[in-house]
Amino acid sequence: HTIVSAGGTPPVTGNAMRLLTTGEDAFAALEQQIQNARSTIHITAFILGRDTTGRRLVRLLAESARRGVRVRLLLDSVGSMFSSGRFVNPIRAAGGEVARFMPVLPLSSPSSANLRNHRKIAVFDHCTAIVGGHNLAREYMGATLFARRWQDFGTVIEGPAAALLNDVFISDWCFATHDSTADLRAEIPSDCLAEPRGRSELQVVASGPDVPGDPLYEGIVSMIQEAQNSIWIVTPYFIPDEVLLRSLIVKARAGKEITLVVPRRSNHPVTDFARRHYIREMQQAGAQVLLYGPGMLHSKAMIVDDSIALLGSPNFDLRSMFVNFEIGVFVHSAPEVASIKAWALELAGRCRPPKPERRKRFRIFSSVMED
């Protein structure tokens with residue numbers, strides 16, 4: 001109710017959902033959907049890598065465009081700064097379209113360089129989607145094992161929720177290209193929204209400057225504040241605002257099971273330094289903090305009371321909550337929430353708690369002098 005009253009779309013039933021817990025699974029699912037697409041391929045990504053994964057995806061998308069599929073690839077102009085030009089020309093040459101989201105030069109507004117599209121959405125034939133944290137690069141996914149691949153998380157969705165993700169893509173695409181939303185929506189079969197594919201109940205919630213209100217953030221706050229038993233948060237970066245931090249601390253002090261899973265070392269040392277204060281406060285309140293590693297954890301998920309879960313593109317930090325264009329999927333059906341919790345428990349088995357912080361010598365000396 002909180003999400004809908006804040007401007008988000010209501011949950012929809014009739015979906016099928018399959019988790020993607022490895023980069024190899026994610027790439028295999030993406031490759032299969034690209035090859036099997038009959039009418040349209042809509043992909044938005046923050047990063048397209050100039051590597052083996054990126055080159056293979058460009059080739060696959062070009063092949064689909066040549067056989068008559070409408071291919072539209074939307075890349076963030078900062079995240080894909082070096083791969084949205086000539087690197088994707090094979091797609092354009094085959095008849096596909098590639099667009100850049102908010103080019104840095106020329107600036108469309110004084111703040112446009114800071115407003116990034118962090119959404120990761122791929123939709124095929126309007127009714128099958130892949131959504132999660134994976135970028136289109138070797139660190140995140142690939143056809144074969146890669147020793148330095150990051151731990152990421154996503155899902156394949158079939159059904160009405162995928163059609164709603166397609167609608168988010170269309171809005172982003174038309175914002176970037178000035179194409180007509182009516183023309184793109186006219187390509188969607190009339191039965192796409194109504195056709196059930198499974199029993200999952202999912203709620204697609206976008207956030208960012210293009211969304212009235214703040215439904216994703218308010219949904220996360222509501223999940224935390226209404227938790228009765230447990231809260232699990234899996235995130236690569238943990239820099240919450242004061243409301244989120246205090247809400248978690250209150251729950252931890254009330255004896256609820258609060259578990260935070262973060263990488264031992266992320267790819268951004270500055271954020272690791274910044275999180276230390278928040279992690280220390282969480283631990284002092286009684287929360288369990290687990291460090292994943294070696295290797296980078298890029299997964300994003302929340303599970304509350306084993307009854308509702310959230311996955312998608314947002315990190316648990318200020319940029320994702322208040323600046324970026326993000327996409328989240330709230331999962332309301334029990335079997336799917338249980339599957340996400342089982343994945344989180346397996347992930348926790350590969351983690352260790354932080355080592356106790358050693359007191360600084362000058363602090364000990366200071367306390368002696370004060371005595």
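This is a predicted model: local features need pLDDT of at least 70, side-chain atom pairs count only at pLDDT 80 or more; totals for chains, interfaces and linings use all residues.

A: Residues are numbered from 1 along each chain as its sequence is written, and side-chain values use heavy atoms, with hydrogens and water left out.

Q: How do I read two packed helices?

A: You describe them by the angle between their axes and the distance between the axes. In this model, the axes of α7 (residues 215-225) and α8 (residues 242-253) come within 9 Å and cross at roughly 15 degrees. That makes α7 roughly parallel to α8 (angles under 35 degrees count as roughly parallel).

Q: Which residues of α7 and α8 make the contact?

A: On α7, you'll find Tyr 217, Ile 220, Val 221, Ile 224 and Gln 225. Contact here means heavy atoms within 4.5 Å.

Q: And what is a cavity?

A: On a 1 Å grid over the protein atoms alone, it's a set of points where a 1.4 Å probe fits but cannot get out. The largest cavity holds about 130 Å³ of space.

Q: Which residues lie nearest the centre of the largest cavity?

A: Lys 120, Ala 122, Ile 130, His 134 and Leu 136, out of 15 lining residues (lining means an atom within 4 Å of a point). α2 (23-36), β2 (40-45), β5 (121-124) and β6 (128-132) each supply at least two residues of that lining.

Technical notes
Axes are lines fitted to C-alpha atoms, for helices over the stretch in contact, and angles run from 0 to 180 degrees between N-to-C directions. Helices (H or I, at least four residues) and strands (E, at least two) are DSSP runs, numbered from the N terminus. Angles under 35 degrees count as roughly parallel, over 145 as roughly antiparallel, 65 to 115 as roughly perpendicular and the rest as oblique. On a 1 Å grid over the protein atoms alone, a cavity is a set of points where a 1.4 Å probe fits but cannot get out, and a pocket is an open set with protein on both sides within 12 Å along at least five of seven lines; lining residues have an atom within 4 Å of a point. Grid points are joined across faces, edges and corners, and a volume is the space filled by probe spheres set on the points.
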